[in-house]
Amino acid sequence: MAEAEKEKQLDFERKHEKDLQYIRNFRLMDDDFMSKVFEDKTCAEFLLQIILNRDDLIVQEVHGQHDLKNLQGRSVRLDILAIDKSNQVYNIEVQRSDRGAGAKRARYNSSLLDANLTEAGDAYDALNETYVIFITERDVLKRSLPIYHINRIIEETGESFGDEAHIIYVNSQIKDETALGRLMHDFSCTDPDDMSYPILAQRVRYFKEDTKGVATMCRAMEEMRAEAAEEAAREARHAQSVESAKSMLADGLPYETIARYTNLPIEEIKALDKPKSA
């Protein structure tokens, strides 16, 4: 029995040799790995308590790699979506690229939370208080601060607008001896033995060293590759439909006919025809 289990483990390691190397080099600054680590409620709660400087925050539920629908009905994937006991909602993203953490991206994520957390007919007062939190590899806002809080204000008075939509940038470049600085140090570690916080080191060690944890991470990577391949195929089909629609527009076919043959929305077909209409 032991020999069969050993052979099964060796076969797993051979099959996932490249994945195992990736896993050894993963940091919390890598979004796919971060999502697995912080889908644990205790870890997500610890993370938010440090970033928000609140020891009373209690996470009720958390979801890693959570899909939300945008206004066009397509899914957008958030790294972490958490909800606390007061029904406040937190979207936590890690961004290694400055481009992925721009002001418009923060605004977009905030709007997605609002659009997906309310039902038709709900009063506006029912909107959850929301936090969009970017943990960035570099100092995106370039003011050499460890953390930035963005909230709407009334310019003439300096008072808060009170819409309860918050955006926070955490600069992982600053790794000092503050609680936040030690947290950012841990986000840069590949070895759990080098981490400051035991609660995070234990969770990271599980996915890097424990047989079950490594297998879970390898399966997650397989699923991500399959989803990426499916998305690429979907984009290729869409591009082909767009080219077909352009040809049909050039031949003067009506929008409804083109929509029937290409499965494209009529609004998109009309947008393709705009240059000709102009």
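Visitor: What should I know before I start?

Guide: Residues are numbered from 1 along each chain as its sequence is written. The model is predicted, so local features need pLDDT of at least 70 and side-chain atom pairs count only at pLDDT 80 or more, while totals for chains, interfaces and linings use all residues; side-chain values use heavy atoms, with hydrogens and water left out.

Visitor: How many helices and strands does the chain have?

Guide: Helices (H or I, at least four residues) and strands (E, at least two) are DSSP runs numbered from the N terminus. Here there are eleven helices and eight strands.

Visitor: What share of the residues counts as buried?

Guide: Buried means under 20% relative accessible area, exposed over 50%, and partly exposed in between (1.4 Å probe, protein chains only). Of the 278 residues in this chain, 40% are buried.

Visitor: How do I read aromatic pairs, and how many are there?

Guide: Rings of Phe, Tyr and Trp (its six-membered ring) pair if their centres lie within 6.5 Å; planes under 30 degrees apart are stacked, over 60 edge-to-face, and the rest tilted. That rule gives seven aromatic pairs. One of them joins F134 and Y169, with 5.4 Å between centres and 35° between planes, a tilted pair. It links distant parts of the chain, since F134 belongs to strand β4 (residues 130–136) and Y169 to strand β8 (residues 165–171), 35 residues apart. Both F134 and Y169 are buried.

Visitor: Which geometry do Y206 and F207 show?

Guide: Their ring centres are 5.1 Å apart and their planes stand at 70°, so this pair is edge-to-face. Y206 is partly exposed at 31% relative accessibility, whereas F207 is buried at 2%. Ring pairs also connect F26, F33, Y206 and F207 into a cluster.

Visitor: Where does the charged end of K208 sit?

Guide: A charge sits over a ring if NZ of Lys or CZ of Arg is within 6 Å of the ring centre and within 35 degrees of the ring normal. The charged end of K208 sits over the ring of F33, 5.4 Å from its centre.

Visitor: Where is R27, and which side chain does it join through a polar contact?

Guide: R27 is in the loop between α2 (17–25) and α3 (31–37), and is buried at 14% relative accessibility. A polar contact is a pair of N or O atoms within 3.5 Å; within protein, one must be able to donate a hydrogen and the other to accept it, and residues adjacent in sequence count only if both atoms are side-chain atoms. The side chains of R27 and E137 are joined by one of 3.2 Å.
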